[in-house]
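Me: I am new to this structure and would like to know what the terms used for it rest on. Please start with a contact list.

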Amino acid sequence: MGEQERMVEAILFATAEPVTVRELEARMPHGCDAAEALVHLRKRYEGRGVHVVKVGDAWAMRTAADLGFLMQKETVETRKLSRAAIETLAIIAYHQPVTRAEIEEIRGVSVSRGTVDQLLEMEWIRFGRRKMTPGRPVTFVVTQGFLDHFGLENARDLPGLKELRAAGLLENRPPPGALGLGDEDDEDEGIDVDQSELFEE
């Protein structure tokens, strides 16, 4: 088992993206138990500067959250989302799997193709299964990349307003309180919605 731990450690260390147990076992010699090795490895890294964390159904090595200040010399380019994109992302995250029509019903305005395309391009959402309703509309769900960006194990541990502001995705000033009644997205301004309502569980 010690040797299997070493193999799992080497794979996780060298891989940029999270790796599933199946992918680990495909790389390891026949008969290895990657799942058990991960349990031991995760315990071994508790309290260290690097942790072994679960991201969706995959595993990765990540810097301990409390040591993030050591990485501040790195340049991070923040890409701000429009208010329309933030609202759409929040609805998908909290109501997944959700159709475009359901998103529009919750927001009260139509969802432009550009908003959805931007989130798909960022690989924060993906197409889910089609709903078994008339027309069989496609649904949207958040991706493993979304979970990894926010350090989440699964979609039940979603970020609140503080986390999104810290990531630079929300302005620090409070959003307007009035509800807009427009018909279509305004990608720059969006609709005047109190965003705190969108992130309450």
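Reply: Thr143 touches Glu123, Trp124, Ile125 and Arg126, leaving aside residues up to four places away in sequence. Contact here means heavy atoms within 4.5 Å. The model is predicted: local features need pLDDT of at least 70, side-chain atom pairs count only at pLDDT 80 or more, and totals for chains, interfaces and linings use all residues. Residues are numbered from 1 along each chain as its sequence is written, and side-chain values use heavy atoms, with hydrogens and water left out.

Me: Why is Thr143 called buried?

Reply: Its relative accessibility is 9%. Buried means under 20% relative accessible area, exposed over 50%, and partly exposed in between (1.4 Å probe, protein chains only). Thr143 therefore counts as buried.

Me: What makes the approach of Thr143 to the backbone oxygen of Glu123 a polar contact?

Reply: A polar atom of the Thr143 side chain lies 2.5 Å from that backbone oxygen of Glu123. The limit for a pair of N or O atoms is 3.5 Å; within protein, one must be able to donate a hydrogen and the other to accept it, and residues adjacent in sequence count only if both atoms are side-chain atoms.

Me: How do you know that β5 and β6 pair?

Reply: Three bridges join these antiparallel strands, and pairing requires that DSSP finds at least two bridges between two strands. Arg126, for one, has Val141 in β6 as its bridge partner. Strands are DSSP runs (E, at least two residues), helices are runs of H or I of at least four, and both are numbered from the N terminus.

Me: Why is the link between Arg62 and Asp148 called a salt bridge?

Reply: Their side chains meet at 2.7 Å, N to O. The term asks for a side-chain nitrogen of Lys or Arg within 4 Å of a carboxyl oxygen of Asp or Glu, so the pair qualifies. Arg62 is in strand β3 and Asp148 in helix α7, 86 residues apart.

Me: Is Arg62 buried or partly exposed?

Reply: Arg62 has 25% relative accessibility, so it counts as partly exposed. Asp148, at 21%, is also partly exposed.

Me: How many salt bridges does the structure hold?

Reply: There are five. Another of them joins Arg107 and Glu87 at 2.8 Å, N to O. Arg107 is in helix α5 and Glu87 in helix α4, 20 residues apart. Both residues are buried.
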